[in-house]
Amino acid sequence: MNKKKGIIISALATVALTLPLAACGMAGGNGGAMRYPECDYIQPGALENYRYDDIIERDFTDASETPDSYFSLDRNTASYSLMRRTINEGRTVGKNSVRIEEYINYFDYDYARPQNGDALAVNGSLFDCPWNDEHKLLTVEVAAETIDFDDRKNNIVFLIDTSGSMYGDDRLGLIQQSFTMLTECLDEHDTVSIVTYAGDSRIALDGESGANKTKIANVLQDLEARGSTFGQGGIENAYKVAERHFTDGANNRVILATDGDFNVGASSKRALERLIRSKRETGIYLSVLGVGMYNTNDTTMKTLAENGNGNYAYLDSVNEARKVLVKELGGTFNVVAKDAKIGVTFDAEAVDKYRLIGYESKMLTQEEFEDEKTDAGEIGSGHTVTALYELALKPEAEGSVAAAEVRYKTPNTEVEKSVKFEIAVSDYTHSPDEDHMFIACVAEYGLVLRESKYAADASLLSVVNRLDALDCTDASADPFKAEFLGLAKKALRLYG
């Protein structure tokens with residue numbers, strides 16, 4: 001099996017999953033009681049019960065008072081695919097679900113790749129802000145090196161929530177299909193284990209060769225959803241199994257698939273932070289795949305990923321599973337930059353004020369940025385990560401605008417490295433390329449959905465009109481960017 005090309009022989013790769021509004025056989029309308037068949041689980045007020053952390057928007061900062069901005073870098077994308085499902089179901093989006101950096105980073109961009117043995121490269125651009133003609137946008141663009149996935153062994157533990165709330169085609173059914181697709185990308189050099197949890201935790205498969213695809217698929221398909229949710233027991237069991245099969249130099253990873261509805265054992269945000277932080281020194285990475293809707297707990301899944309050296313994606317369809325677990329498998333599995341963090345210093349001679357758009361939960365202090373022991377984000381092979389600032393330049397500004405530094409560790413050596421970039425007023429362009437025009441559209445879309453007090457003249461109609469003029473939103477050029485144009489049009493009809 002050529003894993004690099006992600007050739008899929010399973011017929012599941014061509015299955016399209018249709019997700020009805022009343023998914024999982026649930027009874028009840030908006031705000032009514034929802035019952036999951038074959039389990040004793042009723043969720044009143046279900047449509048309002050998708051749990052998010054509150055997002056407190058960052059104000060503009062006076063560059064003369066606080067010129068420095070520090071935060072952790074990662075490439076989580078869950079917020080975007082959750083939005084897509086919500087819009088496609090004809091509903092407006094909860095504003096606390098909108099993490100604009102995850103919208104922007106859902107897409108790939110044509111950034112300059114690293115040279116001279118670096119794992120990361122950093123660049124930037126300065127151009128006009130479309131929703132506020134007195135401001136500019138500054139991108140800080142990080143691109144990761146691409147490494148060969150075929151040359152690396154994998155020790156994978158599928159940790160699957162099989163509690164009653166996981167009943168349904170868009171929950172356990174979707175996970176069964178998704179992990180079966182992923183299995184097709186593995187071979188005899190890889191090890192696969194399956195751990196489940198409901199009222200308790202059990203090992204369904206222990207250290208099977210990736211070549212035994214039929215056996216792995218059969219175990220997956222035999223899983224059933226029922227009972228309560230002992231997530232803590234499942235996590236502890238999965239890490240024990242991963243440690244038992246640990247391979248030096250391999251991708252040692254637990255992939256947790258859940259709706260995040262922990263109700264037995266550790267379940268509070270603080271308790272989960274303590275639990276998962278105790279595991280991240282094992283050298284085992286964590287990926288979190290969210291599924292489902294209504295009772296789903298985004299806060300739990302985000303907390304686990306951010307504190308467990310991992311990433312977080314939300315699967316709203318088989319197509320999204322294919323994107324995360326097949327098309328981007330090398331980046332999902334192969335971390336090239338560990339504890340990645342960024343510091344941006346603005347020149348107060350040129351910049352009046354600035355505001356980082358998104359990354360609200362990932363801010364760092366200067367001390368944390370400079371401390372090599374600070375736990376930060378992970379960036380995978382071939383991934384691009386974008387940070388976007390809105391800023392006001394001073395009249396007659398000249399010289400430097402900002403200097404950016406990205407610090408990260410190489411996963412195998414734990415040696416911290418640094419890459420730097422500086423952008424000047426003279427780098428401003430009145431005609432940004434399509435990548436940057438698209439990024440501005442995504443950011444503006446997010447500001448509208450967030451009901452941001454900084455949206456100024458932002459509108460979905462403006463977003464749609466600008467997207468319509470871009471070649472990159474043609475389906476033959478980039479199907480994901482083309483899909484975003486369709487979502488923007490649907491949102492325009494929903495929001496008016």
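In what order do the six strands of the open sheet lie, and what is the sense of their pairing? In this predicted model, the order runs E3-E14-E16-E6-E5-E19, and the pairing is mixed. The edges are formed by strand E3 (61–62) and strand E19 (428–429), each of which pairs on one side only. Within the sheet, strand E6 and strand E16 pair in the antiparallel sense over eight bridges, and one of the residues involved, Val142, has Val385 in E16 as its bridge partner. In general, strands of a sheet pair through backbone hydrogen bonds, either parallel or antiparallel.

| Element | Residues |
|---|---|
| Strand E3 | 61–62 |
| Strand E6 | 136–144 |
| Strand E16 | 384–393 |
| Strand E19 | 428–429 |

Helix H11, which covers residues 434–449, has 16 residues and reaches 23 Å from its first C-alpha to its last, close to the 22 Å expected at 1.5 Å a residue. H11 is mostly covered, with 13 of its 16 residues buried. At its N-terminal end H11 is capped by Asp433, a side-chain oxygen of which lies 3.2 Å from the backbone nitrogen of Asp435, while Glu451, which follows the helix, has a positive phi near 55°.

Taken as a whole, the protein contains 13 helices and 19 strands, and buried residues make up 60% of its 496 residues. Of the contacts between residues at least 6 apart in sequence, 80% join residues at least 24 apart. The protein exposes about 19,000 Å², of which carbon and sulfur atoms supply 46%.

Methods
Residues numbered from 1 in each chain as written. Predicted model: local features only at pLDDT ≥ 70, side-chain atom pairs only at ≥ 80, totals over all residues. Heavy atoms only, no water. Helix = DSSP H or I, 4+ residues; strand = E, 2+ residues; numbered from the N terminus. Buried < 20%, exposed > 50% of the residue type's maximum accessible area, 1.4 Å probe, protein only. Contact = heavy atoms within 4.5 Å. Areas by Shrake-Rupley, 256 points an atom, 1.4 Å probe, with all protein chains shown as cover. Expected span 1.5 Å × (residues − 1). Polar contact = N/O pair within 3.5 Å; in protein donor to acceptor, adjacent residues only side chain to side chain. Pairing = 2+ DSSP bridges.
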